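Please look at the sequence and the structure shown below, and keep them at hand while reading.

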Amino acid sequence: MLHIYCPHCCEYREEEEFHVKGQAHLARPLDPDACSDKEWGEYLYFRKNPRGLHHELWVHAAGCRKFFNVTRDTVSYEIKEVYLVGEKPSVVAHSGSAK
Amino acid sequence: MTQKNRLQTGGRINRSKPLSFVYNGKQFKGFEGDTLASAMLANGIDVIGRSFKYSRPRGIVAAGAEEPNAVMQLGATEATQVPNVRATQQELFEGLVSGATNGWPSVDNDLMGIVGKVGGKMMPPGFYYKTFMYPQSMWETYEKFIRKAAGLGSSPLENDPDSYEKINQHCDVLVVGAGPAGLAAALTAGRAGARVILADEQSEFGGSLLGTRETLNGEEAARWVADVTAELAGMKDVMLLPRSTVNGYHDHNFLTIHQRNTDHIADKAPAGQARQTLHRVRAKWVVLATGAHERPLVYGNNDVPGCMIASAVSTYINRYGVVPGNELVVMTTNDGAYQTAFDWQDAGRKVVAIVDTRQNPQGAQVAEASKRGIQLIKGSGIIDVAGSKRVTGVSIAALSADGSAVNGSVTKLSADTVATSGGWSPVIHLAGHTGSRPVWDEKVAGFLPGPTVEKRLIAGAIAGDFTTAGALAQGAEAGRKACAELGMDQPIIELPTTQERVEHPAMTLFHIPHVKKTSEAPKQFVDYQNDVTAAGIELACREGFESIEHVKRYTALGFGTDQGKLGNIAGMAIAAKATGRTIPETGTTIFRPNYTPVTFGALVGRDRGELFDPKRYTAMHKWHVENGALFEDVGQWKRPWYFPKAGETMQQSLDRECKATRESVGILDASTLGKIDIQGKDAREFLGRVYTNAWAKLAVGKCRYGLMCGEDGMVFDDGVTSCLGENHFIMTTTSGGAARVYEWLELYHQTEWPELEVYFNTVTDHWSTMTISGPNSRKLLEELTDADVSNENFGYMDWREMKVAGVPARVFRISFTGELSFEINVQANFGLHVWEKLFEKGAKYNLTPYGTETMHILRAEKGFIIAGQDTDGSVHPYDLGMGWAVSQQKPFSFIGKRGMAREDCVRDNRKQLVGLKTTDPSVVLPEGAQGVFDPKAPIPMPMVGHITSSYWSANLGHSIAMGLVKGGLDRMGEKVYYPLADGRVVEAEICSPIFLDPKGERQNV
């Protein structure tokens, strides 16, 4: 069970207080109506499934109800960083490496 | 019966406190301090079970958690039955009742044993897969037979009378194992002032020190153990947990500890005590001091009762005062097992020989053996054992220098006990639970914990140092390291002096060869619990199972409650040899929680019965109960389903409730509807983005129905939202969808449109909601309010603030029945008062309470949908014929707009929601029935959609249904056929789903 630092509460809390909402940084297209079906389909359905660093959106559902981002290693389950929505991660995978 | 194997003196048992216990229906005696296993051995019980596959008689092999055979059924009553208890871990108490798990009809006379003997060669690995797979229809029959024959223990048929606890713990350092390493680590961290938890699976601390005659500081080791334990017990931030197995090591240093509080006292926990406690620990640092298990050697017929692990024999003698036999032969690859022969001899029984696989062992132990006059047979191994229910003799042969082949003649010796040692395996299970892969160490001849991302340290035998001095030093060092990481002092504790001896190098050997090749030799067991033999592993490798994970699954090596504690390393070594690889190349399988079995009781704790899941009640629940309501679960809510009167069938109740509502007035407790309070200057804009329809012009005092879609354009919730003030709205959601909708709104606000000033708050529980519906509902409301509720002043889809029955209320003129309706919302704690007042005044209007079932019928008569029943995530508003609820003109591209414009969403022939009227008006179609256009089409018929809602309508005098039909909105008047499971084919005509009052006049009066 993960131990997650909520950047809003500024505390480590148990995983059961949180919901994971999938891949982070999926911006809704500013003009959806201008998107082709293919573009809209990519936004709706296509997600990364990396082995290694993954940026995820979480919500402190049974706590402050705030959303935030988590960079997690999908192999070791280490949480490398938490950061606010709208911020960029400082820990990122090296391009071209599998992990 | 006498305890024929009990010594007169010695051991950590209390001879002045005899205890009686039952095994397989017979009475025996043991002493306080015994385990069930030591008491059984004291009484000379040889056969304690039958093996899983071959049904061979089995005896006790080990003295701890690694015991593979003595897995017992415990319990004096049906309700207190516990399967899968290791006799070696169960402390004896007065009146303990135990039985063998395996063996049918009994362990001493086992029918399946004949199958095992005759069918030995006929039961290779994969036997069950190969034999019982076909025909598939027979599998259930086979499985019952196999399970009964194999005997996997039985669960109680009655409710567990005991209670269990779960506790969340936090600590600086969790020390796992209270042997010399663990005690030194805990003492160091404890003296530094750290919050320490020290857990050990045994009844007392000391670990390996309990079963030896080793001294510390020149005194018996128990003295040092007692001193350290006493000091730790006096520290306020140190928690000592004996009888507590750390069973799981999960991510981010979360560990579970299974503590047995009363299992050593009685069958059932004393009143007021929890039988077991599950500690859920978040530890800043973990020190694993889990020790090592001695490996038995693999040789012919090595499962005959009397074949044991050398150190276990010493433990029984030294700790329990039990010598489990008369004539001992020791076989060893190392110096350690010599001590077992000395312990045995000192106990006054005969050591027949020490068989050492090394060609030329030297040193103190060899000298001691010679001094004691014990016959030493060098460069040899026991290749076979005689006997069936007890060892009667051994066959010994000289081995080649590397131990791979027999190269001498065979000698036979008489003996009843064989103690073997093939070296030690560090107990690395916990270290691997979070994904760290173990690393082979040539010097240790075993796997050590690999690198980890967890904040974990190891000390003692788990780290490959099998000496007491090493364990103490490493434990203290681990304690200091943890303290340093925590920024604490790093005290240096005084370590006791130990007796160390220089050991002659051990030989790496797992499998003793036979004169015949393995496949033809007597069975050489690797994994006793799963009946896996050396020949079986070789066969699996020959059949192409090369990956150790595949070998495991094919042979069952390391399966079950055993988890490969004794057999894994030998099994891997045999697989490595068979595939021409090294052990590290072969690798290990993955250890998973739990280390030893955990009761469901401990996992469940108090979360059972009434406390299993929270139940939510409305403020009027008491009234519903008193008035005979039957309840339906909606999420966690208990909602009245219907209110039967004496003698009524369900249908009669529904007919009465439906008619009373349409003819006069009915009342529904609608408090469970989700309610979200929305405020902020951009609240209106936000609503326009999440709902499909327009909100820009909704005036204060007005209500509007809205559909909510996902980005894919599919409906997922609906409800009425009302404008309370220019920047203030109250949204209602479906009862089950409230939490999801709330999170959805927050998701979009926080991640997409944080620039909008809008705030959400869930207020579902703040309000009691009661809907009065029917032509007399206004009259009833007027009796309880002074406000003007006439149609002129309080129109349809308006809301007003007023006093109802003397308390402040928000009343909404909205309708889910198609009748004149008022939804009265009051502060939740006024709910029951208002509800009762309504009934007081409502008697003359025959005010009738109705539940969810009548609500469903009344809304279906009007063609109103229920999100989640008439929709299933594949239906957009146009499919529902609700295009009127979509505003394509809104400037912002609302959620769902782009999705419902996708090619697939605008094509012809989509499944669309329509009404369905059965040709025979008395037939009520089952919900879920699949429709076809041509009932004579060959099977499989093309299916065109299913029934989503279907009821008997008493008001209309015929059945009504709604369903999805391909192209349904363009097929009005056409027939659809519903072939049912019972063979009937029901014909229905596609119609408008609005069966009653299509113009909507009834609600507008």
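## A helix crossing in chain B

H12(B) passes H13(B) in a right-handed crossing, where right-handed means that the near helix is turned clockwise from the far one by less than a right angle, and left-handed that it is turned anticlockwise. This is a predicted model, in which local features need pLDDT of at least 70 and side-chain atom pairs count only at pLDDT 80 or more, while totals for chains, interfaces and linings use all residues. Residues are numbered from 1 along each chain as its sequence is written, and chains are lettered from A and ligands numbered from 1 in the order in which they are written.

Two packed helices are described by the angle between their axes and the distance between the axes. Helix H12 (residues 534-542) and helix H13 (residues 548-555) of chain B pack at an angle of about 120°, with axes 10 Å apart; the axes are lines fitted to C-alpha atoms over the stretch in contact, and angles run from 0 to 180 degrees between N-to-C directions. H12(B) is therefore oblique to H13(B), since angles under 35 degrees count as roughly parallel, over 145 as roughly antiparallel, 65 to 115 as roughly perpendicular and the rest as oblique.

On the H12(B) side, B:Gly536, B:Ile537, B:Ala540 and B:Cys541 meet B:Val551, B:Tyr554 and B:Thr555 of H13(B). These residues divide into 5 nonpolar, 2 polar and no charged; Ala, Val, Leu, Ile, Met, Phe, Trp, Tyr, Cys and Pro count as nonpolar, Asp, Glu, Lys and Arg as charged, and the others, Gly among them, as polar.

## A parallel sheet

Chain B also holds an open sheet of 5 strands in the order S17-S24-S18-S19-S20, with parallel pairing (two strands pair if DSSP finds at least two bridges between them). Its edge strands, S17 (307-309) and S20 (376-378), each pair on one side only. Within chain B, strand S18 (residues 327-332) and strand S19 (residues 350-356) pair in the parallel sense over 6 bridges, and B:Thr332 has B:Asp356 in S19(B) as its bridge partner.

## Chain B as a whole

Chain B has 23 helices and 49 strands, which are DSSP runs numbered from the N terminus (helices: H or I, at least four residues; strands: E, at least two). Its C-alpha trace spans about 115 × 70 × 55 Å along the principal axes.

## Where the chains touch

In this model, 22 residues of chain A are in contact with 20 residues of chain B, contact meaning that the C-beta atoms, placed from the backbone, lie within 7 Å. H1(A) gives the most to chain A's side, with 3 residues.

Definitions and conventions
Two residues are in contact if their C-beta atoms, placed from the backbone, lie within 7 Å.
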